[in-house]
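Hello,

Here is the structure for your set-up work. Please look it over first; my notes follow below.

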Amino acid sequence: MIGFCRSNCLGSTVYPAFFFADLRYDNVCDAKSCPRDDRLEVDQFIDHINKFENWFRKLNEQTAHQRDVETTEGNVSSCTQAFNERHQQLTILIEKKLEQYSDFGGGCPKDLKAAIRHSLLAPAKRLRPTLVLLAAEACGGDVADAMPAACAVEMIHTYSLIHDDLPAMDDDDLRRGLPSCHAKFGEAVAILAGDALLAQAFEVISRDTSPSEVAVKCCVELSTTAGALHLVGGQADDLDAEQRDDLAGSDLERIHRRKTGAMIISSLRMGAFVANADAGMLEKLTIFGENIGLAFQIVDDLLDFSGDQTKIGKSLGKDSQSEKLTYVKLYGLDESKRKADKLIDDAIESLKDFGTNGHPLIGLAQFILNRTY
Ligand code: IPE
Ligand code: IPE
Ligand code: MG
Ligand code: MG
Ligand code: MG
């Protein structure tokens with residue numbers, strides 16, 4: 001039996017004292033000082049129970065909500081911190097290795113080598129190689145084992161930027177805060193620098209990744225993604241979409257997923273391959289990549305419209321000048337931002353089983369959304 005004492009003999013501070021009694025109502029309040037008259041009748045007692053239940057349920061809901069808010073805020077800042085710290089450390093390792101890979105000894109023509117190093121070693125976020133390394137770590141793997149694949153994806157990404165900036169494509173003179181490759185070295189050398197980086201990516205993975213079965217898996221992944229079905233196909237779609245007004249949101253999403261999203265997904269998958277991740281982890285990282293990959297290009301469209309050129313290191317306003325099909329053009333700023341927000345929420349959700357191992361990747365997803373460069 002459950003009972004209340006009106007005199008609050010038990011001294012509860014949150015609600016009239018209540019407690020469980022296993023005997024009769026008479027035994028409900030056993031405080032010596034309680035005057036017998038203050039003990040409640042059964043119907044009053046039931047009424048109090050109901051009120052108490054309501055009050056307790058509300059208190060529980062409020063506490064749970066408060067706990068959720070605190071946990072989410074705590075996680076958000078700890079994931080951001082985990083990403084910032086790891087990103088800084090990994091960037092140093094990635095850039096050191098890229099420097100070695102682009103040394104070539106004396107065998108490479110001087111101008112070609114200078115053009116490759118100008119673009120490859122220019123200040124950049126190194127997000128794709130960082131994704132390879134963080135995915136490997138999230139799956140229990142080692143950074144050193146994943147480094148060749150990480151450098152390879154940055155080589156392909158850099159080649160795609162060199163070619164993307166060419167006059168025949170986006171015609172951009174500024175890249176990574178420096179003159180774009182063709183602006184400094186001329187179109188022919190820039191095309192060749194891109195070609196060389198594309199080839200070197202597969203040299204590096206196949207020679208420096210072990211065991212060889214993993215190297216083959218990474219080569220298949222990256223070559224498929226860099227090719228006609230994905231990156232190059234997406235770039236072709238992107239040019240084709242210029243000045244067209246008969247394309248819908250689904251066309252735009254397809255272009256963005258092909259030209260940008262696919263390389264981001266493959267970066268994560270190569271990290272998982274190197275770490276011998278199981279099928280479940282691979283699947284979750286792939287879903288994570290699909291969401292952050294699309295969000296990344298939506299934010300790129302937003303920054304082209306409203307970013308700060310000194311921070312971003314490339315010319316802005318180019319998309320509207322060339323009448324590109326972008327998220328900003330199709331949906332406007334607010335709706336584009338909402339779409340990116342939703343994608344990042346979904347991405348974070350897909351990593352929940354990774355626990356703290358996934359925190360730097362969650363921080364990276366938040367960085368993608370909030371970045372200004
Ligand atoms: C720019 O990529 C090209 C896009 C796919 C939008 P990043 O914004 O990652 O450029 P870097 O590597 O930091 O220069
Ligand atoms: C480039 O997209 C995507 C690739 C290089 C594959 P954008 O043309 O939007 O990239 P930015 O804005 O020039 O960096
Ligand atoms: Mg482009
Ligand atoms: Mg461009
Ligand atoms: Mg852009």
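**Core and ligand shells**

Leaving out residues up to four places away in sequence, A152 touches A201, V204, I205 and L222 (contact: C-beta atoms, placed from the backbone, within 7 Å). This is a predicted model: local features need pLDDT of at least 70, side-chain atom pairs count only at pLDDT 80 or more, and totals for chains, interfaces and linings use all residues. Residues are numbered from 1 along each chain as its sequence is written, with chains lettered from A and ligands numbered from 1 in the order in which they are written.

A152 is also among the residues with the most contacts inside the largest nonpolar core, which has 83 residues. (Such a core is a set of buried Ala, Val, Leu, Ile, Met, Phe, Trp, Tyr and Cys residues joined through C-beta atoms within 7 Å; buried means 20 or more other C-beta atoms within 10 Å of the residue's own.) Helix α4 (residues 143-164) gives the most to this core: 12 residues. Helices are DSSP runs of H or I, at least four residues, numbered from the N terminus.

Helix α4 also gives the largest share of the shell around ligand 2, three residues. That shell (C-beta within 6 Å of the ligand) divides into two nonpolar, three polar and seven charged residues. Ligand 1 is surrounded by A124, K125, L127, H157, R176, T260, Q297 and D300.

On confidence, the protein chain averages a pLDDT of 89 (the predictor's confidence in each residue, from 0 to 100). Over residues 1-28 the pLDDT is below 50. Where pLDDT is low, predicted coordinates should not be read in detail.

Best wishes

Definitions and conventions:
Two residues are in contact if their C-beta atoms, placed from the backbone, lie within 7 Å. A residue is buried if 20 or more other C-beta atoms lie within 10 Å of its own, exposed if 12 or fewer, and partly exposed in between; C-beta atoms are placed from the backbone. Helices (H or I, at least four residues) and strands (E, at least two) are DSSP runs, numbered from the N terminus. Ala, Val, Leu, Ile, Met, Phe, Trp, Tyr, Cys and Pro count as nonpolar, Asp, Glu, Lys and Arg as charged, and the others, Gly among them, as polar.
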